[in-house]
4 protein chains.
Amino acid sequence: MTLPRTADTLDAAALRDRIQTLFDRSGLMRHLGARLGEVAPGRVHVHLPFAPTLTQHLGLFHAGATSTIADAAGGFAAMTQAPDGHTVLSVEFKINLLAPARGESLEAIGQVIRTGRTLTIVQVDVHALNAGKTTPVALMQQTIINVPDRTS
Amino acid sequence: MTLPRTADTLDAAALRDRIQTLFDRSGLMRHLGARLGEVAPGRVHVHLPFAPTLTQHLGLFHAGATSTIADAAGGFAAMTQAPDGHTVLSVEFKINLLAPARGESLEAIGQVIRTGRTLTIVQVDVHALNAGKTTPVALMQQTIINVPDRTS
Amino acid sequence: MTLPRTADTLDAAALRDRIQTLFDRSGLMRHLGARLGEVAPGRVHVHLPFAPTLTQHLGLFHAGATSTIADAAGGFAAMTQAPDGHTVLSVEFKINLLAPARGESLEAIGQVIRTGRTLTIVQVDVHALNAGKTTPVALMQQTIINVPDRTS
Amino acid sequence: MTLPRTADTLDAAALRDRIQTLFDRSGLMRHLGARLGEVAPGRVHVHLPFAPTLTQHLGLFHAGATSTIADAAGGFAAMTQAPDGHTVLSVEFKINLLAPARGESLEAIGQVIRTGRTLTIVQVDVHALNAGKTTPVALMQQTIINVPDRTS
């Protein structure tokens, strides 16, 4: 038996609400000042405006900040494809930092590459926005596992 | 010509001061409440006490928080081996989340595996401390590049 | 219900036989000239004697050869911990090539780090043997999934 | 001073010859029966027809075979962008095995994502061809280092 996927059971507005609710439950997203962007079946965007609270020792966005929003965008993208009654956990991810992450904000775009019964594979692009210019700063591959949701 | 490594030119106290200075310049470390632990040549510990500002949607430590202190511990471990006049940047890392990260605090231990002229390879273990018990929660492999330090 | 693990149901000789049988079914292991080494619960060694058929363009062991025996050692290590009636597949792996892989042979040692119901996390070290000297050449983190075995 | 890239100094036919020459020097490519496909600046294809010598214990393409041609396609793609007088080595790669790799052949397509002075970041897609149908079977992120070529 195959359970319907979250994105199959909800219309666009309800899907966004569902992801927004999970996003708002994440203390770290709020603490970093991250905001949920576009939500579509299999694809979620997360924005992170620059702040001095997000930097490494050279004043750039810390790789930890970059990878946090990448992990979040990927996890929520996977969540749109999770079977009914399930939530998601990151199994692992690998991120390449492509360029110094400087600018007014970062945007992470998580895109589901493969949906399995148990595992979802996601790719995440992160770019920096600076003075109207977009620069790729990171590329991630992520493995997500669907687990029964006992919280709802 | 091979430049001396940071850890070769400084005694234990000076090495710790050097890393503490860099740690204190990182806005994200302070914002998350992370603290620098042990510092030795090729090995650095970072602690992260639990706070509701560090959680994902289920109330556990967010994978982004776990990977941020892992990236920091690894980067500072590599920094102890950087050639004189150089600083370090993360090229990439890969992290497996081994178990739900819950507890009073996390500790990340970065250990240099190989020191090259340009690249340093680091392994990072993260464990959770909970009621006197230690649980491994993440394992990272990280690639670091030495770059000339233009800030000092 | 938790199924017993392969290594719990077999004594040392039977465990080795089980892994040897799977090893011998792998056409690629034979084609490369790889040999099964030590087998213990959660740990498997694979050896690869040098041959000109295993090289990259500079005459060193090809990273593909290194990662093939690493993947095999890790997969078989996970297999010793697979639940009864299950076999294993690689979900993903990440490998750092630490040094040029030259020498008389390579040895990959796969060691299970964490055993879950569905996923097993493995770490693999590969070193080269050359004139009595051992050099680490690669380090791998690998995620393995247990799947029902329909072949036996 | 920035050295010209290999692909800037050679026309299409000469670039292909250059990569074909390196490909032919790789004993492992020949031993596995791999063939060089398309070569363009920043992009290289490698084909691998199925053979029983390439299998794992279930008779599918071994993950080691898949990752070997992925590593090769990525490395040669990076080679097209290497500075004059340089060759390339794999620093590390991470591969997700997306689906069982079965079919008449595999094709790996390496595409350079970012070209730096020292490091090149590559993404590699691998798909299986079976009865006229194409299935994605693997996705890789790879870090390559340029090193002075002392062989030519």
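Contact here means heavy atoms within 4.5 Å. By this criterion, the interface between chain A and chain B takes in 35 residues from chain A and 35 residues from chain B. The model is predicted: local features need pLDDT of at least 70, side-chain atom pairs count only at pLDDT 80 or more, and totals for chains, interfaces and linings use all residues. Residues are numbered from 1 along each chain as its sequence is written, chains are lettered from A and ligands numbered from 1 in the order in which they are written, and side-chain values use heavy atoms, with hydrogens and water left out.

The area buried between chain A and chain B is about 2900 Å². Buried area is the accessible area (1.4 Å probe) that two parts lose on being put together, summed over both. Carbon and sulfur atoms give 61% of this area.

Two salt bridges link chain A and chain B, each defined as a side-chain nitrogen of Lys or Arg within 4 Å of a carboxyl oxygen of Asp or Glu. A:Lys94 forms a salt bridge with B:Glu92, with the closest N and O atoms 2.6 Å apart.

On the side of chain A that touches chain B, α2 (12-25), α3 (27-32), α4 (63-79) and β3 (86-97) each supply at least two residues. Helices (H or I, at least four residues) and strands (E, at least two) are DSSP runs, numbered from the N terminus. β3(A) gives the most, with eleven residues.

Strand β3 (residues 86-97) of chain B pairs with β3(A) in the antiparallel sense, over five bridges. Pairing requires at least two DSSP bridges between the strands. A:Glu92 has B:Asn96 in β3(B) as its bridge partner.

Symmetry was examined by least-squares superposition on the C-alpha atoms of residues with pLDDT of at least 70 in both copies. A rotation of 180° with 0.0 Å of shift along its axis superposes chain A on chain B (RMSD 0.0 Å). The two copies are thus related as by a two-fold rotation axis. A:Lys94 comes closest to this axis among the residues of chain A, at 2.0 Å (C-alpha). The copies meet through the same surface, because 100% of the interface residues of chain A are also interface residues in chain B.
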